[in-house]
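Reader: I would like to learn how to read a structure, one feature at a time. Where do we begin?

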Amino acid sequence: MKNRSSYRFCIVLVFAGLCCLFWLYTTGLSRNPPGFYVDESALAYNAYLVAHTGAGEFGPRFPIYFQFFADGWSQYVSPTQVYLLAILFRFLPPSILLARIFAAFWIFTACLLLGLLAWRVSGRRTIAIIVAATALVMPWFFEVSRLLLEPHFVPFTVVLFLLVLYRAREKEKWDWRIVVMLIVPLTLMTYCYQVARVLARLLAIGLLLIATSWQRLISVVKIGLLYGITLVPIVVFNWRHPGNLTKRLWEVSYIRPGIPLSDLASQFFKRYLEDQSLTVLLLSGDYHGRHHVPGSGGAIFVGTYILAVIGLFVVLACLRRDPWWRYILYGLAVSVVPGAIGVEPFHELHLIGYPVFLLVLTVPALEWFLAKRKWEQVPVLSGEVTKPSWERFRLFVGENLPPRSVRFGVLSLLLVFTMIQAYQFQIVFRRDGPKRLFEFDVQYKEAYDTAVKQPARPIYLEDGKWGPGYIHALWYATVEKRPRSQFVHLKQGVKPPAGVVVISSEEQCQHCETILRTGVYHVYKTL
């Protein structure tokens with residue numbers, strides 16, 4: 001009884017600690033980022049509608065894909081986040097803060113799972129804490145956790161898949177439970193983000209690297225067939241709505257029918273190298289102000305990148321015969337592909353799977369740095385490292401390996417430098433992050449507040465050069481519990497009647513009286 005009570009107390013203590021850590025992780029989320037981006041409003045509004053009606057803004061109940069926006073702005077978005085957020089909105093009142101806490105939760109959980117994976121791979125809590133802490137403060141993950149956009153769910157699915165795969169590698173024959181557990185994260189990945197569909201299929205193909213026996217090969221074939229069945233809804237949807245599902249891909253990619261294969265290969269090779277540029281990785285980060293605060297440094301820390309490179313060196317020198325580490329190298333390579341097929345250089349959201357594999361590669365480096373005895377200076381807990389592997393490693397780096405005190409000192413310097421960079425990033429992020437007014441449509445809320453103070457009803461919503469801003473009004477009205485009937489969304493090219501109040505993202509208006517101009521938005525009354 002005493003042991004059981006102690007166990008329960010430890011569980012409560014750990015849970016309380018995680019809650020405090022999550023509270024600390026989300027501090028400042030109510031004002032940074034400011035406002036709400038148009039895609040965020042669309043996702044949150046559709047989630048609320050699903051929670052209370054079963055259908056999104058357009059289309060049938062419980063659709064496979066959701067249509068966001070209307071007319072020429074329409075696009076189809078993956079369903080996973082909409083349905084998950086709908087569960088939350090079913091029981092709690094909708095708000096921007098709640099929606100962003102929802103996004104932060106999945107990145108936070110992914111970082112903790114990365115620590116758990118590091119623990120299982122290395123067998124050391126110290127390494128698990130270092131990896132999880134690094135993931136939590138790394139700009140790439142931290143900034144994406146602040147956005148209610150589709151990519152925030154991708155790291156969770158990738159890490160979940162790797163956790164199951166690491167467990168599966170210990171078994172020669174995979175039962176149906178393991179097969180299903182591998183298919184679930186791949187399926188979630190496929191249906192959570194358009195670019196992630198590419199990554200999920202590549203990771204599924206890479207399972208052949210783990211198939212080191214006939215039993216495993218049969219299991220991989222089963223996974224391939226069952227995973228293929230999960231893709232049937234996509235095929236059916238694309239057949240019923242030709243071109244709609246691939247519209248966004250064509251908009252962001254250089255891949256087009258009729259372009260010579262040699263030109264595509266050349267562009268892909270160029271983009272693949274650009275996405276691994278040290279300048280953007282370590283110094284500047286994503287150029288989109290929405291994804292990365294300008295002047296806050298790179299997407300990852302220098303110390304983290306150095307550890308990943310050292311880990312890559314250790315794997316190539318010692319562990320390349322281990323199927324698990326071969327798969328990690330494969331995953332590192334293919335996680336760049338979703339970004340490399342796009343026209344924009346180093347788009348952090350398209351490359352959101354890449355830092356997961358970089359962080360996994362820091363594990364063998366940390367094992368080497370923290371090894372106590374000479375024979376432990378290779379990651380013996382990372383796989384079946386044979387004596388020939390150790391001998392190859394000795395021949396590769398030389399006979400006189402640095403003593404543990406030197407290795408520990410170098411690691412301490414790398415970690416201290418990482419903490420300094422993390423502190424500097426947080427200073428800039430919290431100082432300049434709230435200044436991103438245009439990137440997060442902050443001015444629309446001011447326009448909306450001005451319009452609802454006018455006595456005229458309904459308020460007309462007009463879309464123009466600056467996008468489908470009407471969705472903001474519908475979302476803010478939902479948060480404030482205003483009837484949908486108070487707003488009329490004008491179709492493209494249709495002019496509002498005389499004597500009404502209009503919120504517009506168009507630059508000009510005719511026969512109108514301006515009430516407010518704020519940023520790119522215009523509130524006016526028609527004459």
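**Salt bridges, strands and patches**

Author: We begin with a pair: the side chains of lysine 445 and aspartate 449 meet in a salt bridge, 2.7 Å from N to O. This is a predicted model, in which local features need pLDDT of at least 70 and side-chain atom pairs count only at pLDDT 80 or more, while totals for chains, interfaces and linings use all residues. Residues are numbered from 1 along each chain as its sequence is written, and side-chain values use heavy atoms, with hydrogens and water left out.

Reader: What is a salt bridge?

Author: Side chains of opposite charge can pair when their charged atoms come close. The cut-off here is a side-chain nitrogen of Lys or Arg within 4 Å of a carboxyl oxygen of Asp or Glu. The structure holds ten salt bridges.

Reader: Where do lysine 445 and aspartate 449 lie?

Author: Both lie in helix 21 (residues 442-452), four residues apart, which is about one turn of the helix. Helices (H or I, at least four residues) and strands (E, at least two) are DSSP runs, numbered from the N terminus.

Reader: Which salt bridge does glutamate 480 make?

Author: The side chain of glutamate 480 meets that of lysine 445 at 3.6 Å, N to O. Glutamate 480 is in the loop between helix 22 (470-479) and strand 4 (487-489) and lysine 445 is in helix 21, so this pair ties together parts that are 35 residues apart in sequence. Lys445, Asp449, Glu480 and Arg482 are linked in a network of salt bridges.

Reader: Is lysine 445 buried, partly exposed or exposed?

Author: Lysine 445 is partly exposed, with a relative accessible area of 26%. Buried means under 20% relative accessible area, exposed over 50%, and partly exposed in between (1.4 Å probe, protein chains only). Glutamate 480 is also partly exposed, at 33%. For another case, take the salt bridge between arginine 271 and aspartate 275 (3.2 Å, N to O). Arginine 271 counts as buried because its relative accessibility is 1%, and aspartate 275 counts as buried at 0%.

Reader: How do I read strand 5?

Author: In a regular strand the side chains alternate between the two faces of the sheet. In strand 5 both faces are covered: Val501 and Ile503 on one side are buried, as are Val502 and Ser504 on the other. Two strands pair if DSSP finds at least two bridges between them. Strand 5 (residues 501-504) runs antiparallel to strand 7, with four bridges, and pairs with strand 3 (residues 459-462) in the parallel sense over three bridges. Isoleucine 503 stands opposite valine 523 in strand 7, and tyrosine 460 stands opposite valine 502 in strand 5.

Reader: How many residues lie between strand 6 and strand 7 in their hairpin?

Author: Two residues lie between them, and glycine 519 in the turn has a positive phi of about 60 degrees. Six bridges join strand 6 (residues 512-518) to strand 7, and the two run antiparallel. In strand 7 (residues 521-526), five of the six residues are buried.

Reader: Which residues make the nonpolar surface patch?

Author: Patches are made of residues with over 30% relative accessible area and no salt bridge, where like charges are joined within 9 Å and nonpolar side chains (Val, Leu, Ile, Met, Phe, Trp, Tyr) within 5 Å. Val14, Leu18, Leu21, Trp23 and Leu24 make a nonpolar patch of about 490 Å²; accessible areas come from the Shrake-Rupley method with a 1.4 Å probe, and for residues only the protein chains shown count as cover. Tryptophan 23 lies in helix 1 (residues 2-25) and is exposed, with a relative accessible area of 59%.
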